[in-house]
Amino acid sequence: MTTTPDDSTAAQAAARPGRPPVTDLATWQRARDELLVREKAHTREGDAIAAARRRLPMVEFDGAVEVVGPDGPVPFLDLFEGRDELVVYKHMWYDGAPHQGQCEGCTTTAWHLQDAVYLNARGVSFAVLTSGPADEVAAYVAFMGYTQPWYSVRDVAPPVGGDMGHLTCYLRDGDRTFLTYSTTGRGNERVNGSMGLLDMTPYGRGEVWEDKPEGWPEGPAACWSWRSDADGTPTWGPTSRPVPQWTRPDATPVHTLGRRGHHH
């Protein structure tokens, strides 16, 4: 037998702070349909922006410039792996920091793309670049259990090196290489599917900058990624690690954090 809450129960639920109002399915559907109009407009605008992105000019650069991978120096052109397109994530780096002292935002972004099987099938290669020294980078990649290729671009000029914390796209035409697009900040969220899923939930990301109804749970920080301790409690203190590090292979609650509190 199907039961429905009586008016008093519904009113009590609706009055509770930090919860969406309770209504019947038909009323919910009308509100959902109204929001859908805005969502579709957002999708169409995103498609228009992508079309404009495809029409950006590009910049040619020397693809013979060397980057350092797990087997030593290789020309940047090798990162295409014979494909015509390449997407890289430029991972920030703190020299000499322990693994848990590396950037929480970059760690989260890299963790969300553990392989590029689908990209490869569409003719696109993927790699992670960082300004860290090759030996430190190799140790970090082993610690995290990453399977995608990482390369040190230390002292390499833009558009291969330069500022980190960017998603950047390149195009190859034979032995010629071109920069086509780059984004940073919240533009990097495109890799992080968890952010999009959180945006669909009633409480969202739980961050202080979000527009939320009065009484909603407040977030721990303004940043879209954060650190936690071994129990999952958000913290920027000496027992913290970037959240993905707690799900890496053989993770343990041992901490030797030397640098702490990096906000981006």
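**View 1. Arg 241 lies over the face of Trp 246, 4.9 Å from the ring centre.** Arg 53 is placed over the face of Tyr 181, also at 4.9 Å from the ring centre. A charge sits over a ring if NZ of Lys or CZ of Arg is within 6 Å of the ring centre and within 35 degrees of the ring normal. A word on what you are looking at: this is a predicted model, where local features need pLDDT of at least 70 and side-chain atom pairs count only at pLDDT 80 or more, while totals for chains, interfaces and linings use all residues. Residues are numbered from 1 along each chain as its sequence is written, and side-chain values use heavy atoms, with hydrogens and water left out.

**View 2. Phe 76 and Tyr 170 form an edge-to-face aromatic pair.** The whole structure holds ten aromatic pairs; rings of Phe, Tyr and Trp (its six-membered ring) pair if their centres lie within 6.5 Å, and planes under 30 degrees apart count as stacked, over 60 as edge-to-face and the rest as tilted. Here the rings are 4.9 Å apart centre to centre, with 70° between the planes. Phe 76 sits in the loop between strand S3 (72-75) and strand S4 (85-91), and Tyr 170 in strand S7 (residues 166-173), so the pair links parts of the chain 94 residues apart; helices (H or I, at least four residues) and strands (E, at least two) are DSSP runs, numbered from the N terminus. Both Phe 76 and Tyr 170 are buried (under 20% relative accessible area, with exposed over 50% and partly exposed in between; 1.4 Å probe, protein chains only).

**View 3. Tyr 146 and Trp 150 form a stacked pair.** Their rings are 5.2 Å apart centre to centre, with 20° between the planes. Tyr 146 is buried, with a relative accessible area of 7%, and Trp 150 is buried too, at 5%.

**View 4. Helix H3 (104-111) is mostly covered.** Which residues of H3 are buried? They are Glu 104, Gly 105, Cys 106, Thr 107, Thr 108, Thr 109, Ala 110 and Trp 111. Among the elements covering them are S4, helix H5 (134-144) and strand S6 (150-152).

Technical notes
Contact means heavy atoms within 4.5 Å.
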